[in-house]
Amino acid sequence: MSNLFGVPHLEAFWASLDESSQQAVSSAIQKITDVKKRGGKVMVVTGSGPNIHEGVTTLIAELIRVGIVDAVSTSSAVIAHEMAGSLDRVFRVDAQALGMDMDKMPRGDVFEFTCMSDEEIAALKREMPLDDDLLERGSKLPKQNEIIKAAGNMAYPMGLRTERVAHEVMGLARMYGLPFETVAGWGCDEHTMLGAAAKRNVPVLVTIPQMIGGGAVGMSIGDSIPVSQRSMRISRMLADCDVIIESAVALTQEIHDGPFECYTGHGIWAWWSGQATYNLRNKNLIRIDLDSNLRRAVELNKTVQEAIDKGLPKTKAAKIPFRMEMSAFARHEGSIPIVGDIGKVWPLIASGVAKNLGIDLEFLSASQDTAEGTAMREWIVGNVKAFDREKMLAHAKEYKIIGK
């Protein structure tokens, strides 16, 4: 079944961009196309919230499926949400009327429940104990509202379920010497980045700066493998890829030019010590962001580099607010800044590259402020399923440890 939600709006998405961003999108499409045609690889670095809500992570899963995206780094929050099905529907009730400890309730004094069928509740009960009294009392209270949000977050019982299963995933990860993300992927839906990547043996890793959020998931990710191993694994991913697309994510300088990168980063001493390093020199950094200062920083490439050469503050030299990720990005010859809404830019890039490569997509996201975007979010809620524990365990039984 085809779910190309963004197709009717491609022309409008294009028209929403200014001329500079249109040129940047065209350049990005061509760069990605050229790389894939010569057998190169593409990596995506995603942030959390907006990428989930705009269907971007679901689109990236599709791009993994068709072989356009070859590696992903993301945040622990995204891992937690994907394990719960990306997006879900919840309803909120008055926490005080529910009898909760108000000192522990979040701002707004509400308590959230995941909207679940009786069959889904029964299936979950086979995995973990549920508070039937709490569920019944919640169902009888007036609903303050019902919304679609990032899945497995604050709502009972799926938020708690994700927290609990995270410890089991971590246990298996440590048992097999694997990152948490790899083991979690064994049980994730194929429409998530984790699930699609597991099916195609594509690496997905949380970066060091993004190892926050997601509650127990984030902590379990951090505990699954050492920080030094995570850094090296991510550096190998970056080394293998020719194009790096950064989507609504912060602190990317600490991702793409971290401790093992020798062109714009700090890898010189790792190289000096004989460790494995990589180089951004001939790669392309494509960044999708709403901050026009990113484009301005690239335009001031020479000014920024001169400030660095003189040991002067970059912010004062450029005279613009200077986020950390702007430093290496602004100085890199292969940087392409796309100033625009990721909900509109990603469908343009994905459809453009797929067309150039003769690939038929089965899913194309749409900005959530369109009717098709609303339908897309409903589709994700109904079709992208939560983490399947039994599927993970079945895969673990068949997993071959190298050398055994």
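A residue is called buried when its relative accessible area is under 20%, exposed when that area is over 50%, and partly exposed in between (1.4 Å probe, protein chains only). The model on display is predicted: local features need pLDDT of at least 70, side-chain atom pairs count only at pLDDT 80 or more, and totals for chains, interfaces and linings use all residues. Residues are numbered from 1 along each chain as its sequence is written, and side-chain values use heavy atoms, with hydrogens and water left out.

**The whole protein**

Of the 404 residues, 54% are buried.

**Lysine 149**

Next, select lysine 149 in strand β6 (residues 145–150). Lysine 149 counts as buried because its relative accessibility is 12%. Display its side chain together with that of glutamate 112: a polar contact of 3.0 Å joins the two (a pair of N or O atoms within 3.5 Å; within protein, one must be able to donate a hydrogen and the other to accept it, and residues adjacent in sequence count only if both atoms are side-chain atoms).

**Helices α5 and α12**

Finally, select helix α5 (residues 76–83) and helix α12 (residues 216–224), which pack at an angle of about 115° with their axes 8 Å apart (axes are lines fitted to C-alpha atoms, for helices over the stretch in contact, and angles run from 0 to 180 degrees between N-to-C directions). The contact (heavy atoms within 4.5 Å) involves Ser76, Ile79, Ala80 and Met83 of α5, and Val217, Gly218 and Ile221 of α12.

Technical notes. Helices (H or I, at least four residues) and strands (E, at least two) are DSSP runs, numbered from the N terminus.
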